[in-house]
Amino acid sequence: MARLTADFWVSAYLSRLRLADIPAFVVKKGDTTAGAILIKLNTLDGQATAFQREFNLMEDRREWQVLTQGDERDVDASLAKQKSFDADVWIIEVEDRHGRTLLDEVGLSD
């Protein structure tokens, strides 16, 4: 199955968030073709969650999993560590008090 390039997926994701009136920003631009994508959900109360995509061998599909969560400073430190060993990584920050990321929607979840 053909995969979307990272920059195309990020562009589509930001558009979907914009349509739902959910602010989001590219914090770090990664490799345009195949960079890993990390999503940071900032709930604007000092807490945050970072998500990464992993391949589920049992179901033969990719899915979003929690990389880390808790105090926003701790999540930022974890993301900084990810950046330090993966120069190609994308980091997208989503700001939503209700915790919406849309990552479970069709087209974004797989």
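Two strands count as paired if DSSP finds at least two bridges between them. In this predicted model, five strands form an open sheet in the order E1-E5-E2-E3-E4, and their pairing is mixed. Strands E1 (24-28) and E4 (61-71) stand at the edges with a single partner strand each, so one side of each has no neighbour in the sheet. From one strand to the next, the twist averages 25°.

**Pairing of E3 and E4**
- Strand E3 (residues 47-56) and E4 run antiparallel and are joined by ten bridges.
- Thr 49 has Gln 69, in E4, as its bridge partner.

**Helices on the sheet**
- Helix H1 (residues 6-19) lies across E1, strand E2 (37-42), E3, E4 and strand E5 (90-95), and runs at about 5° to E5.
- Helix H2 (residues 72-85) packs on the sheet and touches E1, E2, E3, E4 and E5, with its direction at about 130° to that of E4.

**Helix H2 in detail**
- The 14 residues of H2 reach 21 Å from the first C-alpha to the last, close to the 20 Å expected at 1.5 Å a residue.
- Val 75, Ser 78, Leu 79 and Gln 82 are the buried residues of H2.
- Viewed down the axis of H2, these buried residues fall within an arc of 95°, so they line one face of the helix.
- The cover over the buried residues of H2 includes E2, E3, E4 and E5.
- Arg 73, Asp 74, Lys 81 and Ser 84 are exposed, on the face of H2 turned away from its buried side.

Conventions
Residues numbered from 1 in each chain as written. Predicted model: local features only at pLDDT ≥ 70, side-chain atom pairs only at ≥ 80, totals over all residues. Heavy atoms only, no water. Helix = DSSP H or I, 4+ residues; strand = E, 2+ residues; numbered from the N terminus. Axes fitted to C-alpha atoms, helices over the stretch in contact; angles between N-to-C directions. Contact = heavy atoms within 4.5 Å. Expected span 1.5 Å × (residues − 1). Buried < 20%, exposed > 50% of the residue type's maximum accessible area, 1.4 Å probe, protein only. Arc of directions from axis to C-beta.
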